[in-house]
Amino acid sequence: MGVEILKPRTDEREYRRVVLPNSLEVCLISDPETDKAAASMNVSVGYFCDPEGLEGLAHFLEHMLFYASEKYPVEDSYMKFIAEHGGMSNAFTSSEHTNFYFDVNAGCFEEALDRFAQFFIKPLMSADATLREIKAVDSENQKNLLADPWRMNQLQKHLCSKDHPYNKFSTGNWETLEVRPKAKGIDTRLELLKFYESNYSANLMQLVVYAKEPLDSIQKLVESKFQEVRNISRNPFYFPGQPCSAEHLQILVKAVPIKEGQMLKILWPITPNIQNYKEGPCKYLSHLIGHEGQGSLFFALKNLGWALSLSAGEGERSLDFSFFCLSIELTDEGHEHVEEIIGLVFQYVKLLQESGVQKWIFDEIVAIQETGFHYRDKRPPSGYVVGVSTNMQLFPPEDWLVGSSLPTKYSPEIIYKLLNELSPSNVRIFWESKKFEGLTDSKEPWYGTPYSVEKLDISTLQKWIEKAPNENLSLPNPNLFIPTDLSLKNSQEEIKYPKMVRKSQYSRLWYKPDYKFLTPKAYIKIDFNCPESNRSPDASVLTNIFTELLMDNLNSYAYDADIAGLSYYIQNTATGFEVILVGYNHKMRVLLDTVISKISKFEIQPDRFYIIKEKVKKSYENYKFQPPYVQAMYYCNLMLKDQTWPWTEELEALQNLTPQTLENFLPFLLSKSFLECYIAGNIELSEAESIVDQTEEVLFRAENAPCRALFASQHLTKRVVKLENGLKYQFPAQTLNPEETNSALVYTIQVHQDDVKMNVKLELIAMIAKQPAFYQLRSVEQLGYICVLTARNDHGVQGLHFIIQSTVKDPSYLEARADTFLTKFETTLYEMSDEEFKSNVKALIEMKQEKHKNLREESSFFWKEISDGTLLFDRKESSVAALKELKKEEVVEYFDKYIKINAAQRKALSVQVYGGPHSEEFKKFVESASQPDTCQIKDVFGFRRSRPLFGSFKGGVGQMKL
């Protein structure tokens, strides 16, 4: 008690540390402004504690605690309560902790917290639920089997000491939790109960509770709900020793990934940063080794044409061990020069050693981190409580909020000690490439990743260092983008919604000053509407390459802005491309002017063109390795969204493109443009207008300016295909990766165009049905780990859709189960009492009334209205007003008319992607005759051409509803 928790200057929330009589440590957070309350329980027990031969037990326990408790014995009642009161809940298992968290509408927090507390008091883990949830864990693992991040992470763990828990397989599967234990006569459920009883102790738990009420009230609530959590005074778990012995160092591991592309990961076991977090040695070194400005390691590798991206910093870690990880995404050319790249890495480390630790660099990092801490955006409470509870396990109470993000002690000796650990004798190198297929001699046991290991001696590494090219590596220059003016502009009035304050033949400016978040930040979006950008697959690919080249060209200049809290993005869109800047407003104009100038006088560098072309080609080729549910969503969008091109055609178009093709295309791309501009935050109206005026001057009015105004007939809209009433379209496809064991269904019910009264009926149905669908399809029927029912919005066209991915059943079966669920849900809706209906409406109203947390979130909300052309900036308020008038009979009538199976006005599209094990079912489905009221789509584009389109809300200049 009485400890002062360091908090940001701009943070008006109140914090308090409390330790309950059972030794449960708690952080209370009072936020009178919040609409959502939240809690997170961090249990200092993770997969390092898994018993031998029961891999994944800690993760399995995390799943099981959600089912039921003695106080609330109805299965799934916790998740149902959370979902029906506007909330969400989840958990994750890490090496040394398991974290459970939820948020919920603030008005129903007390009951939600009581239900949550039962996880840690008297959970029920029935035999029936145990078996079902082992299948869910197995399905989760199946989802990850072809995912490179999971595969490569496990390979790094595999090539460590078998005696260290880092070597373990953390997820678990059917084999580890059912087959092997049963063969040994072990009852997994009894082991599960034993694991819970002997490890889940209040003294090993850290709780964060975030609510509206004053601290004293929250404290009373917590004391009453959590006093019964058992404290068996369990000694904290301690895992001394290092995962890597001498045999695991000085190795080069060649591994075969699933996806196209090459990665080089250079790792060193180091002293964990947590042991010296006030001095921040890892922050200092990751800042320099990961730098992308002139003189940096990445700048050199990029100029040589060897690297696409680079990141550096502390990777997997615990209190006792850690790895410093340098990840380099290689080009094909870089793959041929890996020895020189490794040599350059060690040359840069040597440069840092010889240059000595620089106080000005440490001070610059502190300045950036301090500003970031004191002006950090408010986050949704659910994410915030997880961060704080995780920090509670690691840091003293005064640093629970700041963690290790803010070094305060300058200690050259500690930084130098860490730098010396990045030595050739201490290195582990992992090189991933499809080019190693057929050249490896081992397989990682859990994911089946092919690999081989070569031992490296110091003399070999020394030769690589000597043969690396001389690239004038140097320390970075001082960062000129660090903001020094953090003052707030005086907004003349409280403007609640964006206003269109300027319009010309070239552009339109929407302006929204900040009076709510009161941070020295701004948000600028300039959306370039260019009719030539998406006219053909070739044009679409060229626009994409242009935006990639722009980002590539600006990187070394704008990197300083990015690390100083001013981010920028340039990306292609369905109607052109967009430029987004978000962060501190002080030097935003400098960065924007540079970006616009670069667009107006863009020069193509042929060597960079071919490198970006290679990168784009691989992203297309990797499409076939996307999870089946992602492939199904792609097909769904391809069929419903007009003017979209298949990736296969774009890949074909890419093959023949040259720098000259882009040189010829760019004048056409920019020749006719219209700029939709949105400027918000800590910017005065005169400055916003000046920004747009200057942009117009450079792009449209200057001599030899590249852009001309659009004709009225050229303004672009995003149109959506209208499905047929009373018909279900079905599109079957085989997954493009023959190794894929998962199948997927994306089943869309298209309902209507944007209309507030109809929207709220749909949203209410989606909210009520979401958790029952998840419980029935995932928990009871065990169809797969991914089972989602949610509302869908395609450019203002509203609908409902199921997303299900499964290894056990084919998509046709999944569709039948979704239909059965909807039939069963009819009864739920019809029999719902008035009291239940009102409670659901109240929950949705509270969700609608939830305030935006920060400028970026608010800007995204308003931009969608502008982008779709709906311009309903008061959508939240209008929806609440419609909900207050809503009657149950209207919702039932809506369901019967548009969603109910066989309804005359029901419009549905079922996209079915069949994995390898279901290839026979695919053949049968394709060859079978269509059922009544169904239509099998054989030709995507024939289908699209044959259907009418919904009208667009967005007209040309002056035609948009204003």
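**Salt bridges and an open sheet in a predicted model**

Arg 502 and Asp 693 form a salt bridge, their closest N and O atoms lying 3.3 Å apart; the term covers a side-chain nitrogen of Lys or Arg within 4 Å of a carboxyl oxygen of Asp or Glu. This pair links distant parts of the chain, 191 residues apart, with Arg 502 in strand 16 (residues 499-503) and Asp 693 in helix 23 (residues 685-701). Helices (H or I, at least four residues) and strands (E, at least two) are DSSP runs numbered from the N terminus. The structure is a predicted model, in which local features need pLDDT of at least 70 and side-chain atom pairs count only at pLDDT 80 or more, while totals for chains, interfaces and linings use all residues. Residues are numbered from 1 along each chain as its sequence is written, and side-chain values use heavy atoms, with hydrogens and water left out.

Arg 502 counts as buried at 19% relative accessibility, whereas Asp 693 is partly exposed at 34%. Here buried means under 20% relative accessible area and exposed over 50%, with partly exposed in between (1.4 Å probe, protein chains only).

A second pair, Asp 552 and Arg 608, forms a salt bridge with its closest N and O atoms 2.9 Å apart. Again distant parts of the chain are linked: Asp 552 belongs to helix 17 (residues 537-563) and Arg 608 to helix 19 (residues 606-621), 56 residues apart. Asp 552 is buried at 13% relative accessibility, and Arg 608 is buried at 7%. A search of the whole structure finds 61 salt bridges. Among them, Asp 11 and Arg 13 have their closest N and O atoms 2.9 Å apart, and both residues are buried.

Turning to the sheet, 6 strands form an open arrangement in the order 1-2-8-3-6-5, with mixed pairing; two strands pair if DSSP finds at least two bridges between them. Strand 1 (14-19) and strand 5 (88-93) are the edges, each pairing on one side only. From one strand to the next, the twist averages 10°, with axes fitted to C-alpha atoms (for helices over the stretch in contact) and angles running from 0 to 180 degrees between N-to-C directions. Strand 2 (residues 25-30) and strand 8 (residues 205-211) run parallel and are joined by 6 bridges, with Glu 25 partnering Gln 206 of strand 8.
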